[in-house]
Amino acid sequence: IYGYYFGTGPKKIVFFGSMHGTENNTQTLLTKWINELEINNSRIPSDKTIIIIPALNPDGIANKTRFNANGVDLNRNFGSSSWTSGTYFLSNYYPLGGGTEPFSEPESVTIENLILNQSPYLAVSYHSAAGYVIPTNTPYAVSMAHIYSNMAGYSYVAPGASGAFTYDITGTWEEWMEENGRNAVVVELSNLYSDQFSLNKEAMWKMVTE
């Protein structure tokens, strides 16, 4: 798992993608974001550091599966109050989809440690393909999610809104972030194959410069 750092300022923001190996268009999106930052390094505010993890689940990408090499859905493996070992995806039930315990997987521990060690003012996680922007229930995250939604053209979904997905979702990264009072935004691209970088680029810059 590789992380890329841009800028040297004290205020840090994290972008990461491909938590699910079948959503590797988010890896492509973040690779293009890395290229954008390399070309336009001078646009990065002096008080900011940008941290990018294009692929949190490299084994899932290699195996063309949602899950990691242990058969765990990483976005059901976080230590939030709703964590359970058994999980759902669409109409399927996975008895160990959430892992044997919270943070049982090295990938979820990696992002946990990054968040705890770097304490970013905002973290943005990319998925596909619901076409949503969903914040944690903090004033700053809600404000930034509205901005992102308006700029990228994805639907804004309020924190805790019911019915956004048709199956039970437990032990997620964003719930863990919210329960720890941290600012987070989940961006669901609206296509499973296109990286949609042109839709997201200026919104990503806004997260850095706002």
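**View 1. Ser 18, a buried residue in a loop.** Ser 18 is buried, with a relative accessible area of 0% (buried means under 20% relative accessible area, using a 1.4 Å probe and protein chains only). Look for Ser 18 in the loop between strand E2 (11-16) and H1. Its phi is near 50°, a positive value in a residue other than glycine. Most residues other than glycine have a negative phi.

This is a predicted model, in which local features need pLDDT of at least 70, side-chain atom pairs count only at pLDDT 80 or more, and totals for chains, interfaces and linings use all residues. Residues are numbered from 1 along each chain as its sequence is written, and side-chain values use heavy atoms, leaving out hydrogens and water.

**View 2. Helix H1 packing against helix H6.** Here H1 (residues 25-39) and H6 (residues 197-209) pack at an angle of about 60°, with their axes 11 Å apart. On the H1 side, the contact includes Leu 29, Trp 33 and Leu 37, while the H6 side includes Phe 197, Met 204 and Trp 205 (contact means heavy atoms within 4.5 Å).

**View 3. A cis peptide bond at Ala 129.** The bond from Ser 128 to Ala 129 is cis, with omega near 15°. You will find Ala 129 in the loop between strand E6 (122-128) and strand E7 (132-135). Most peptide bonds are trans.

**View 4. Leu 90 and its positive phi.** Leu 90 sits in the loop between strand E4 (87-89) and strand E5 (92-94). Phi of Leu 90 is near 55°, and this residue is not glycine.

Definitions and conventions:
Axes fitted to C-alpha atoms, helices over the stretch in contact; angles between N-to-C directions. Helix = DSSP H or I, 4+ residues; strand = E, 2+ residues; numbered from the N terminus. Buried < 20%, exposed > 50% of the residue type's maximum accessible area, 1.4 Å probe, protein only.
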